[in-house]
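Good morning, and thank you for coming. I would ask you to look at the model on the screen while I speak, and to follow the residues as I name them.

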Amino acid sequence: MITLECLDTSISERPSSSPVVYRSDNQDNTIALRLRAAGSSFFWAMQFLPYQRREAMYALYAFCREVDDIAGSHAPYSLKDVLLSDWRSEIALLYAGCPQHSVTRALSEAVHLCGLECNDFLAIIDGMETDVRTDLQAPSLTELDLYCERVAVAVGRLSVRIFGEETLAGERVAAELGRALQLTNILRDLVEDAGRHRLYLPRELLNAHGIFATTPRWVLAQRALPDVCRDVAKLAEGHYAAAAEAIAACPRHRMRPAAVMLGIYRALLRELLARGWRQLDEPVRLPAWRKLALLFRHGITGR
């Protein structure tokens, strides 16, 4: 699951699972319309960007949706491998100056405008291949960090470049906020991931609380699960704090979208902590008024 792809569903909404088609026509931007219809946090956060950079973020979102939809589909693993390999080829064509897919054609302008790195797109595909080729179940902390690096931090690096921040502080925002968001996603999506035979909770933390099996649904039924989840939440909170420090070192006007997403996701993490991990089927939502308050607070201050 890619962090950027999850940003528009950070509270409870989930857009249709049908592939997103990016269109550059100002009057019919499919992505923008879908995000707005979903009441998307991502959509509103991106409104703080200038037009060209906002369009670049929509194109990045479309790419993330495309590869995530492949990894999350019910297609045979062999077909998923082929489709992801096709995306590697398409990224190569993008950087050769002759993209063929509507999404990479939309990304072409963003690559030149923002200096987006080819390796970051390939890292995202690497992360999706991890999901396709191995049903991750209780990875080590090192393996989990590599997964976060691919599906979250790589997205963050592309995002902060689109925001216009190419400093070391911007790189730190990507590294810290990407990990924080991904860990929050993991805690939020335990049941959904278990339905896909995946368990992203790190092995060391499970073992520390006496859980040595890795079968997802069995683990979710263990009495010690809340202790494990609270430990993961502490890791996420540490990354949120570090991300907030890094954002404070960047120009306010460039970091507004990042500050909005940090504020909303951090609030979501705290709601998860308040609910606990006994009733995993109980959805965690932020009321609309609170999302709006967080949007204005962090969007205006950039902090």
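Let me begin with one term: two residues are in contact when they have heavy atoms within 4.5 Å of each other. The structure is a predicted model, in which local features need pLDDT of at least 70 and side-chain atom pairs count only at pLDDT 80 or more, while totals for chains, interfaces and linings use all residues. Residues are numbered from 1 along each chain as its sequence is written, and side-chain values use heavy atoms, with hydrogens and water left out.

I start with T184. Leaving aside its neighbours within four places in sequence, T184 is in contact with A236, Y240, Y265, L268, L269 and L272. Is T184 buried or exposed? Its relative accessible area is 0%, so T184 is buried. The cut-offs, taken with a 1.4 Å probe and protein chains only, are as follows: buried means under 20% relative accessible area, exposed means over 50%, and partly exposed lies in between.

T184 belongs to helix 9, residues 168-188. Helices here are DSSP runs of H or I with at least four residues, numbered from the N terminus. The expected span of a helix is 1.5 Å times one less than its number of residues. For helix 9 that gives 30 Å, and the end C-alpha atoms are 30 Å apart, in agreement.

I turn now to the interior. A nonpolar core is a set of buried Ala, Val, Leu, Ile, Met, Phe, Trp, Tyr and Cys residues joined through side-chain atoms within 4.5 Å. The largest such core has 94 residues, and F63, V173, L187, L201 and Y240 have the most contacts inside it. Helix 4 supplies the largest share of this core, with twelve residues. In soluble globular proteins, nonpolar side chains tend to be buried together.

What does L201 touch, apart from its neighbours within four places in sequence? Its contacts are A138, P139, I186, L187, L190, L206, L225, V228 and V232. One of these, A138, lies in the loop between helix 7 and helix 8. A138 is buried at 0% relative accessibility, and its phi is near 55 degrees, a positive value in a residue other than glycine. H197 also has a positive phi, near 65 degrees, and is placed in the loop between helix 10 (190-195) and helix 11 (203-208).

The next element is helix 7, residues 118-133, whose 16 residues reach 22 Å from first C-alpha to last, close to the 22 Å expected. Its buried residues include F121, I124, I125, M128 and V132. The buried residues of helix 7 pack against helix 4 (51-72), helix 5 (77-95), helix 6 (102-114) and helix 8 (141-163).

Charged pairs come next. A salt bridge is a side-chain nitrogen of Lys or Arg within 4 Å of a carboxyl oxygen of Asp or Glu. By this rule the count comes to 21. In one of them, the side chains of E129 and R133 meet at 3.6 Å, N to O. Why are these two separated by about one helical turn? E129 and R133 are four residues apart in helix 7, so about one turn lies between them. An α-helix has 3.6 residues a turn, so residues three or four places apart point the same way. E129 is buried, at 8% relative accessibility, whereas R133 is exposed, at 51%. Both take part in a network of salt bridges that links D81, R88, D126, E129 and R133.

Another salt bridge joins the side chains of E245 and R172, at 3.5 Å from N to O. E245 lies in helix 13 (residues 225-248) and R172 in helix 9, so the pair ties together parts that are 73 residues apart in sequence. E245 is exposed, with a relative accessible area of 53%, while R172 is partly exposed, at 35%.

I finish at the surface. L79, V82 and L83 form a nonpolar patch. In such a patch, residues have over 30% relative accessible area and no salt bridge, and nonpolar side chains (Val, Leu, Ile, Met, Phe, Trp, Tyr) are joined within 5 Å; like charges, in charged patches, are joined within 9 Å. Together the three residues have about 220 Å² of accessible area, by the Shrake-Rupley method with a 1.4 Å probe. V82 is found in helix 5 and counts as partly exposed, at 45% relative accessibility.
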